[in-house]
Amino acid sequence: MKLQALTGAFGAEVEGLNLGQGVNARDMQLIAEALAEKSVLVFRDQDLDIGQFEDLATSMGEFGETPFITPVEGHPNVLKVLREADEEGPLFGSGWHSDWSFQAQPPSSTLLYGVDIPDVGGDTVFTSQYLAYETLSDSMKSIVNDLKGIHSAERSYGPKGTFGRPDPKASMDINGDASATVHQLHPLVRTHPVSGRKALFVNEVYTVGVEGLAPAESDYLLSFLFEHSKQIGFTCRVRWARGTLTIWDNRTTQHFAINDYAGSRREMYRITLAGEQPS
Ligand code: SIN
């Protein structure tokens, strides 16, 4: 197995593995260490059916919980991230976020596999929250180190949220409900359990406030952290092809699905792996 850096910032393509044939314990350990350091790993030309995709995921960890979205029939832990060529309306994943950060134990990582990919467009962009944290001044670090962010699914899946009401024209069956209004507190800065590095843990979609700050203070701090996190030097971009599998670390990245492929169909399988309470 060989790593090719995706950018000077982070991310890597992993060569030399056929994931459908199973991964031995040593390579699995190398993948876990590479993910903890590189945050985004891309495996090209993989040929996985849905069962092999599930097997790969369970060899890396336990399934996470998948709220609000109906999974693939018979595969309760696999989501089909699908957009038909003529589909309109909000695109799933098209806002800066870390998957399900509103959960008490948000997923450690996500596996996304390309099944049907537009000829051009539909890339996913990632930003490194290690770099976002490490480039803050010591004074700003000392402010954010002791604060907790308030995370909620309300803007996406609450009754008035982007996906709050069933949309009969949408290909994904997304059903928000009032449970999305629950708040979850997580430190603004978390330490990765494998690498020991600190990462900023905020995102525009799910972080709605900062505990203990007045609303104006919280708004100013979050809008600074959101802008700071997504500067171009902290990003990498994955261009998909059929058979591309990308694994990203939700503890140390945000991501954004680009909505630039109107007229083309895009289908992916997605599994999230269980994580720990951020600390
Ligand atoms: C997601 O946010 O998990 C979906 C990303 C994508 O479709 O590129």
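In this predicted model, in which local features need pLDDT of at least 70, side-chain atom pairs count only at pLDDT 80 or more, and totals for chains, interfaces and linings use all residues, a polar side-chain atom of H97 lies 3.0 Å from an oxygen atom of the ligand, a polar contact being a pair of N or O atoms within 3.5 Å. Residues are numbered from 1 along each chain as its sequence is written, and side-chain values use heavy atoms, with hydrogens and water left out. For H255, a polar side-chain atom is likewise placed 3.0 Å from a ligand oxygen atom, and an N or O atom in the side chain of T124 is 2.5 Å from an oxygen atom of the ligand. The protein covers 100% of the 260 Å² of accessible area (Shrake-Rupley method, 1.4 Å probe) that the ligand has on its own.

The shell around the ligand includes V81, F92, D99, W248 and R270, and by class it holds five nonpolar, four polar and three charged residues, with Gly counted as polar. At least two residues of this shell come from each of β14 (253-257) and β15 (266-273), strands being DSSP runs (E) of at least two residues.

Across the whole structure, eleven aromatic pairs are found, that is, rings of Phe, Tyr and Trp (its six-membered ring) with centres within 6.5 Å. The pair of F68 and F102 is tilted, because the ring centres are 6.1 Å apart and the planes stand at 50 degrees, where under 30 degrees would count as stacked and over 60 as edge-to-face.

Methods: A residue is near a molecule or strand if one of its heavy atoms lies within 4 Å of it. A polar contact is a pair of N or O atoms within 3.5 Å; within protein, one must be able to donate a hydrogen and the other to accept it, and residues adjacent in sequence count only if both atoms are side-chain atoms. Helices (H or I, at least four residues) and strands (E, at least two) are DSSP runs, numbered from the N terminus.
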